[in-house]
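Here are a few exercises to work through with the model open beside you. Try each task before reading its solution.

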Amino acid sequence: MLNDTIAAISTPPGEGGVGIIRISGERAFDIAERVFRPARPKDWLRDGFKLHYGHAVDGVTGEVIDEVLLAVMKAPHTYTREDVVEINCHGGAVPLRAALKSVLDAGARLAAPGEFTRRAFLNGRIDLTQAESVIDVIRSKTEASLKVALSQLGGGLSLKIKSLQDRILGMLAQLEASIDFPEDDVDEKSRQQLKETAGEIIRGLDRLIEAAGRGRIYREGIMTVITGRPNVGKSSLLNALLGRERAIVTDIPGTTRDVIEEMINIKGIPLVLADTAGLRETGDIVEKKGVEKTLQIIEGAGLILFMIDAGEGVTAEDSEILKTVDREKTLLIINKIDVGKSPELPPGEEWNIPRVEISALKGEGIEDLESKIEQMVTGGRTESPDPVIISNIRHESALVKARGNMAEFMALADEGVPPDLLSIDIRGAWEVLGEITGSTVTEDLLDRIFNDFCIGK
Ligand code: GDP
């Protein structure tokens, strides 16, 4: 399928200053000649990179469709490594569709989602992690997420994976040598050596897996819940963080019935904030539903902001709520310090959690709160995200599988298993790492990855 020429509208639907039709493939220049009339025909150049002014026309009737700029990009230094032409039309649905139709009539095929990027991969310009990072760049939620995506686009992750693969290949070579001379079995010295290398590889994998958790946070955001008794100031905090009115703030207990979700950016970390119905025993049906939903969300949350009221001190109800949360993920927020001073916390171990004092109403302590959140989420690593951070669940699960293979090898090596059996796990680890970069990838996996893309990318 790589020898046909594909085309699509590459800009988002709707009105804009410009709209771009991208064409890639062997016939891109032929097609351009049929649908484009240059203002200065003698400048028309097939080789090199040039921008031409002229008109897009209907290839059959010759009728003018739009006034355009046409960019000509000669293979192999293009996005797909093929000849690429981009027609910059005026950004409206009608001129774009008419120009695209003309391009398709002239012999191009409509591109599938992500097909331009898929070609960049199949033609060897980028590997799979880089292809996947294209979509992460597009969907970055914060500048920090963008940084992670860009580093992956630059190939940082692939380099790490390849170096691990090389070491595994080295182990395989050593094992194969013993298979060729079965009578020699793996001697004790090389067995020790192999185990040492395997140990180092496992540690390398562990570092990448550990970074994966943080990477996912930058990519997808961390689900955050604000919980606490009615009226402690949860909605007010949400508003203070959002910097705009959104949740209903009211004096009547239990009016925040629905769950409101918002994405906010705290020091580069995307927080998906859910403000929930106050947790309390209630006979009110609507509110009961809210409470059930709240408990569900708290279960799945990565960060819990548990709020109490400085004016009222710690109540029995507060202690009950504390029992429903995972304390490892909980930050205690003592609100309304403008009316009451910070209350004595009950002595027990359960109240020994990170805390911060604020006034949601006056906006006091919000900076401090943001720093505490950053500390909790990044595990105290407040430096900018790792240059090589795994942000993709597909990569993460491949790393975990590879680690499993290596651990299995370690166990078998201790049992004195023959080399040909030992090599099975090593080979497995090598292959599963190859799935990350795409060196050992199946058509099916490619379909799944690129279906996530938009058409025109
Ligand atoms: P929720 O039920 O927990 O969402 O609480 P709300 O955000 O609706 O707040 C309940 C009441 O407490 C409202 O009257 C708020 O104006 C008030 N409130 C919230 N935060 C503060 C604060 O920091 N100081 C003071 N004095 N009042 C606050």
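Two strands pair if DSSP finds at least two bridges between them, where strands (E, at least two residues) and helices (H or I, at least four) are DSSP runs numbered from the N terminus. This is a predicted model: local features need pLDDT of at least 70, side-chain atom pairs count only at pLDDT 80 or more, and totals for chains, interfaces and linings use all residues. Residues are numbered from 1 along each chain as its sequence is written, and side-chain values use heavy atoms, with hydrogens and water left out.

**Exercise 1.** Find the bridge partner of A71 in β6, then place the strands in their sheet.

*Solution.* Start with β5 (residues 64-73) and β6 (residues 84-91), which run antiparallel and are joined by five bridges. A71 has E86 as its bridge partner in β6. Next, read the order of the open, mixed sheet of seven strands: β3-β4-β5-β6-β2-β1-β7. Finally, look at the edges: β3 (36-38) and β7 (109-110) each have a single partner strand, so one side of each has no neighbour in the sheet.

**Exercise 2.** Work out how the aromatic pairs are arranged, counting ring centres of Phe, Tyr and Trp (its six-membered ring) within 6.5 Å, with planes under 30 degrees apart as stacked, over 60 as edge-to-face and the rest as tilted.

*Solution.* The rule gives two aromatic pairs. For F306 and W351, the centres are 6.0 Å apart and the planes stand at 35°, so this pair is tilted. F306 belongs to strand β11 (residues 303-309) and W351 to the loop between β12 (330-335) and β13 (355-357), so the pair ties together parts 45 residues apart in sequence. Both F306 and W351 are buried. The pair of F450 and F453 is tilted too, at 5.3 Å centre to centre and 45° between the planes. Check burial here as well: F450 and F453 are both buried.

Technical notes:
Buried means under 20% relative accessible area, exposed over 50%, partly exposed in between (1.4 Å probe, protein chains only).
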